[in-house]
Amino acid sequence: MIQNTAIKVSQISKIYKLYESPSARLKDALGFSKKSTYKEHAALHNITLEIKRGETVGIIGTNGSGKSTLLKIITGVIGQTQGEVEVNGRISALLELGAGFNMEYTGIENVYLQGTMMGFSREEIAKKMDAILEFADIGQFVHQPVKTYSSGMFVRLAFAVAINIEPEILIVDEALSVGDVFFQAKCYRKFEEFKKMGKTILFVSHDLSSITKYCDRAVLLNKGIKVMEGTPKEAVDRYKMALVEQEEEQRKENTALWKPEQTKEKWRNALSVNPETLEYGDKKAEIIDFAIIDKTGKITNVIDKGQMCTIKMKVLFHKDVSEPIFAFTLKNLMGIEITGTNSMLEKQTIEPKKAGDIQVVSFTQRMILQGGEYLLSFGCTGYEKEAFQVHHRLYDVCNLTVISSKNTVGYFDMESRVEIG
C-alpha cells in the first residue's frame with residue numbers, strides 16, 4: 001500500500017444468504033439440503049474506495065444502502081465475500097451502540113476492556129483514564145454496570161474511549177445522533193482537532209449538514225453500489241436525487257395496488273411521510289394534501305439553507321366555514337416549536353368557504369433555519385360566532401431536512417455581516 005493511503009478497499013462485495021426458515025439454514029449448514037433453500041442478497045457489490053491519510057470522508061445513502069456493512073468490513077467486524085481491504089494505521093471505531101461493551105461490567109471496567117482489545121496495557125490505559133472520564137462526563141455512573149446506562153451515556157463513554165486511545169484512523173457509524181446536541185457539538189470540535197493533527201476520519205451520517213461542513217469528500221452508496229464520490233455538495237445533491245427516485249419507485253408500487261379512480265397523484269407521495277401522524281379536528285375542513293417545494297420547483301424533504309422554498313397545503317371543505325385560517329409550524333426533534341405562521345398573522349383575508357370547495361394555500365419564504373432535522377405540522381382552524389374551532393390538524397406529518405455548510409448559534413441565522421478594522 002502507498003504510505004499516503006490510510007484505507008484501500010478493492011472490489012469488495014458482501015453476499016448474504018436469506019433462508020426461508022431457521023431449519024433450512026441448519027440443513028444447508030450440515031449439507032443435508034439437496035437443493036438451494038436460500039436467496040442471495042448483495043449488501044455490497046464491487047466497491048472500490050481509497051482514503052488518503054488526513055482526509056475526512058463521509059459515507060451517505062438511504063437505509064439499506066450498505067453503509068454500515070462497509071464500515072464493519074473495514075474494521076474487521078465481519079468478513080467480505082470477495083475483494084481486498086488494506087488498512088494503514090491504528091483504527092478506533094464507534095459502530096453499533098454498545099458494541100464491544102460487557103453489559104455486566106462497570107464503565108471503568110469497560111474502558112479497560114476496550115483499551116486491552118486495542119492493544120494497550122492496563123498501565124497505558126490508566127494514564128489515559130482521566131482524559132476519557134473528563135470527555136465522557138457521566139459522573140458517578142462510571143462505577144455502575146453499563147446495562148443501567150441510557151443510550152446517551154453509552155455514546156459518551158464509547159466516543160471518549162475511541163478518541164483518547166490515540167487512533168490514526170477514526171471510524172464512526174451514526175452513533176453521534178444518539179447523543180444530546182451539546183455532546184454532538186463537543187464531538188465535532190474533536191473532529192476539527194483530529195483534522196488539524198492529520199488524522200483520518202471516516203463516518204456515516206444522515207446529518208447532511210455535518211457531511212457538507214466537515215468532510216473533504218463524500219461517497220454515495222445506493223442498494224450496495226457506489227453511485228459516486230466527489231465533493232460533499234456533489235454527493236448530497238446526488239443523494240437528494242436518489243431519495244426522489246426511491247420515493248418514485250415506492251409510489252409506483254403503491255399505485256399498482258390502487259383502483260383506477262385512486263391513481264391521481266398526490267403531492268405527498270413525493271415526500272417521506274410520518275406513518276404515525278397525529279391528527280384531530282371536527283373535519284368540517286380536511287387537509288387532503290401537502291408539499292415542500294424547493295427553489296427548482298421539486299417536491300422534496302430536503303431544503304438548502306438560504307434558498308427559497310414553499311410549504312403548500314390543499315384543504316377540502318366538507319361543510320360551510322365562514323372564517324378559515326391556514327397554518328404551518330416547524331418543531332425540532334425534541335418537540336419544541338421553532339417557527340411557523342398562519343394566514344391570519346400574515347393578514348390574508350380568506351373568503352367564506354362552502355361545502356365541496358377546495359382551497360390551496362402556499363407559504364413561500366427563504367430558509368434561514370440552521371442545518372438539521374425538523375418536523376412539519378399543518379392546521380386548518382377558524383372562528384364560529386367568535387369561538388375558536390379546530391377543523392383539522394396534522395402534527396409532525398413529515399420531516400424537513402435543512403442542509404447547511406455554516407451554522408450559527410441557536411435555531412436560525414441572523415445573517416450577520418462581520419467587519420474587522
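Axes here are lines fitted to C-alpha atoms, for helices over the stretch in contact, and angles run from 0 to 180 degrees between N-to-C directions. I take helices (H or I, at least four residues) and strands (E, at least two) as DSSP runs, numbered from the N terminus.

**Entry 1: the model.** I note that this is a predicted model, in which local features need pLDDT of at least 70 and side-chain atom pairs count only at pLDDT 80 or more, while totals for chains, interfaces and linings use all residues. Residues are numbered from 1 along each chain as its sequence is written, and side-chain values use heavy atoms, with hydrogens and water left out.

**Entry 2: the whole chain.** I looked up the secondary structure of the protein chain and found eight helices and 18 strands. The C-alpha trace spans about 75 × 75 × 45 Å along its principal axes. Of the 421 residues, 44% are buried (buried means under 20% relative accessible area, exposed over 50%, partly exposed in between, with a 1.4 Å probe and protein chains only). I then turned to contacts, meaning heavy atoms within 4.5 Å. Among contacts with a separation of 6 or more, 71% are between residues 24 or more positions apart.

**Entry 3: helices H4 and H5.** Two packed helices are described by the angle between their axes and the distance between the axes. For helix H4 (residues 122-136) and helix H5 (residues 151-164), I recorded an angle of about 140° and axes 8 Å apart. H4 is therefore oblique to H5 (angles under 35 degrees count as roughly parallel, over 145 as roughly antiparallel, 65 to 115 as roughly perpendicular and the rest as oblique). The crossing of H4 with H5 is right-handed, which applies if the near helix is turned clockwise from the far one by less than a right angle, and left-handed if anticlockwise. On the H4 side, the contact is made by Lys128, Ala131, Ile132, Phe135 and Ala136. H5 contributes Arg156, Leu157, Phe159, Ala160, Val161, Ile163 and Asn164. I sorted the residues of this contact into nine nonpolar, one polar and two charged (Ala, Val, Leu, Ile, Met, Phe, Trp, Tyr, Cys and Pro count as nonpolar, Asp, Glu, Lys and Arg as charged, and the others, Gly among them, as polar).

**Entry 4: the sheet E2-E1-E4.** Two strands pair if DSSP finds at least two bridges between them. I found an open sheet of three strands in the order E2-E1-E4, with antiparallel pairing. Its edge strands, each pairing on one side only, are E2 (38-52) and E4 (82-87). Neighbouring strands are turned by 20° against each other on average, direction ignored. Strand E1 (residues 5-19) is joined to E2 by eleven bridges, and Ile15 has Ala42 in E2 as its bridge partner. Helix H1 (residues 22-30) lies across E1 and E2, at about 110° to E1. Helix H2 (residues 67-75) lies across E1, E2 and E4, at about 120° to E1.

**Entry 5: the sheet E11-E13-E16.** Another open sheet of three strands has the order E11-E13-E16, and its pairing is antiparallel. I identified E11 (285-293) and E16 (358-366) as the edge strands. The twist averages 15° from one strand to the next. Eight bridges pair E11 with E13 (residues 308-317), and Ile292 has Ile311 in E13 as its bridge partner.

**Entry 6: Lys406.** I located Lys406 in the segment after strand E18 (387-403). Lys406 is partly exposed, with a relative accessible area of 46%. Leaving aside neighbours within four places in sequence, I found Lys406 in contact with Lys305, Gln370 and Asp413.
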